[in-house]
Amino acid sequence: MQAEWDKITAHLPPSARVVVLTGAGVSEESGIPTFRDPQTGLWAQYDPMVLATAEAFARDPKLVWDWYEWRREARRNVQPNAGHRALAELAQNIPQFVLVTQNIDGLHRLAGSPEVIELHGNLQRNKCSRENVVIDRARARPTENGLLACPNCGALLRPDVVWFGEMLPREALSCAIGEAERCDVFFSVGTSAVVEPAASLPRLAKQYGAFLVEINPRETPISGMADATVHGKSGEVLPELMRQWRLRWLKQSGPGE
Ligand code: OAD
């Protein structure tokens with residue numbers, strides 16, 4: 001394993017351009033279920049077509065809203081884990097570090113990551129389902145059946161997250177694509193790498209010459225193309241990555257005794 005760490009850290013001088021793509025796996029150790037893990041994944045227990053599409057919201061807004069309110073409540077009761085914190089620390093040490101996440105839980109920011117490209121939106125925000133603009137909860141009008149309506153047009157508010165069949169936020173996606181094309185090292189962490197377009201980012205980075213590292217307890221469709229793989233939980237692997245990084249790069253820029 002040390003040889004694999006040496007290979008990875010050799011590609012990570014402080015001057016490297018680094019992109020990290022995260023998925024639900026990085027929040028698993030905080031207590032937020034993933035989507036596709038058998039038994040425990042959300043989509044093993046709930047039908048996304050009934051809860052996470054615009055059609056589902058049009059058909060039964062209360063059901064969809066309440067499901068997201070439940071997820072918000074669950075999110076309020078958890079904290080970032082050691083994996084989130086290690087990524088925040090890496091960002092402090094590598095100036096050209098870009099964090100891209102598919103997660104909507106906001107835990108990266110809470111852990112101290114200064115900038116996060118959120119590809120699938122954010123659970124804490126709401127937007128007008130007609131005008132597509134973000135509306136503060138404090139400004140929303142409560143409806144009779146416990147939902148919230150837009151103060152401008154009266155349409156229902158919905159969570160500002162990307163549902164199946166919807167486009168990703170344009171700026172976030174184009175920024176992530178640009179960074180994937182430019183980076184020296186691309187990490188795919190805790191994602192099953194099956195949901196497009198995020199799943200194409202590691203492939204794109206690799207095509208453009210990046211060194212591709214995967215961190216995941218399981219194999220994924222991109223495992224075969226990874227230049228280095230660490231099988232394990234991100235809450236354990238990422239702090240170890242940080243430790244290995246410090247050993248390699250901080251000892252060289254020490255006080256020079
Ligand atoms: P998935 O549930 O598809 O995949 C989670 C991945 O995390 C799997 O590959 C697991 O092996 C891995 N994993 C589990 N526990 C882990 C741990 N402790 N440390 C590291 N990895 C672990 O989640 P995503 O790939 O994020 O989209 O799913 C992508 C998108 O599909 C989500 O953003 C969501 C979902 O539908 C929307 O809601 C738009």
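At 41% relative accessibility, Trp70 counts as partly exposed, a class that lies between buried (under 20% relative accessible area) and exposed (over 50%), as found with a 1.4 Å probe on protein chains only. The model is a predicted one, in which local features need pLDDT of at least 70 and side-chain atom pairs pLDDT 80 or more, while totals for chains, interfaces and linings use all residues. Residues are numbered from 1 along each chain as its sequence is written, and side-chain values use heavy atoms, with hydrogens and water left out.

A search of the whole structure finds nine aromatic pairs, a pair being two rings of Phe, Tyr or Trp (its six-membered ring) with centres within 6.5 Å, called stacked when the planes are under 30 degrees apart, edge-to-face over 60, and tilted for the rest. One of them, formed by Trp43 and Trp67, is stacked, with 5.7 Å from centre to centre and 25 degrees between the planes. Because Trp43 belongs to helix H3 (residues 42–45) and Trp67 to helix H6 (residues 61–76), this pair ties together parts that are 24 residues apart in sequence; such helices (H or I, at least four residues) and strands (E, at least two) are DSSP runs numbered from the N terminus. Both partners are buried, Trp43 with a relative accessible area of 19% and Trp67 with one of 6%.

Tyr46 and Trp70 make another pair, this one tilted, with 5.8 Å between the ring centres and 55 degrees between the planes. Tyr46 lies in the loop between H3 and helix H4 (48–51), whereas Trp70 is in helix H6, so here too the linked parts are 24 residues apart in sequence. Tyr46 is partly exposed, at 28% relative accessibility.

The charged end of Arg72 sits over the ring of Trp65, at 5.2 Å from the ring centre, where sitting over a ring requires NZ of Lys or CZ of Arg within 6 Å of the centre and within 35 degrees of the ring normal.

What surrounds Glu118, leaving aside residues up to four places away in sequence? Glu118 touches Thr101, Gly106, Arg109, Arg125, Pro169 and Ala172, with contact meaning heavy atoms within 4.5 Å. Glu118 lies in strand E3 (residues 116–118) and is buried, with a relative accessible area of 12%.

The backbone deserves a final look. Most residues other than glycine have a negative phi, and most peptide bonds are trans. Asn132, however, has a positive phi of about 65 degrees although it is not a glycine; its place is in the loop between E4 and strand E5 (134–135), and with a relative accessible area of 51% Asn132 is exposed. Ala193 likewise has a positive phi, near 55 degrees, but at 6% relative accessibility Ala193 counts as buried. Ala193 is found in the loop between E9 and H10. Pro197 also lies in the loop between strand E9 (185–189) and helix H10 (200–207), and a cis peptide bond, with omega about 0 degrees, joins Glu196 to Pro197.
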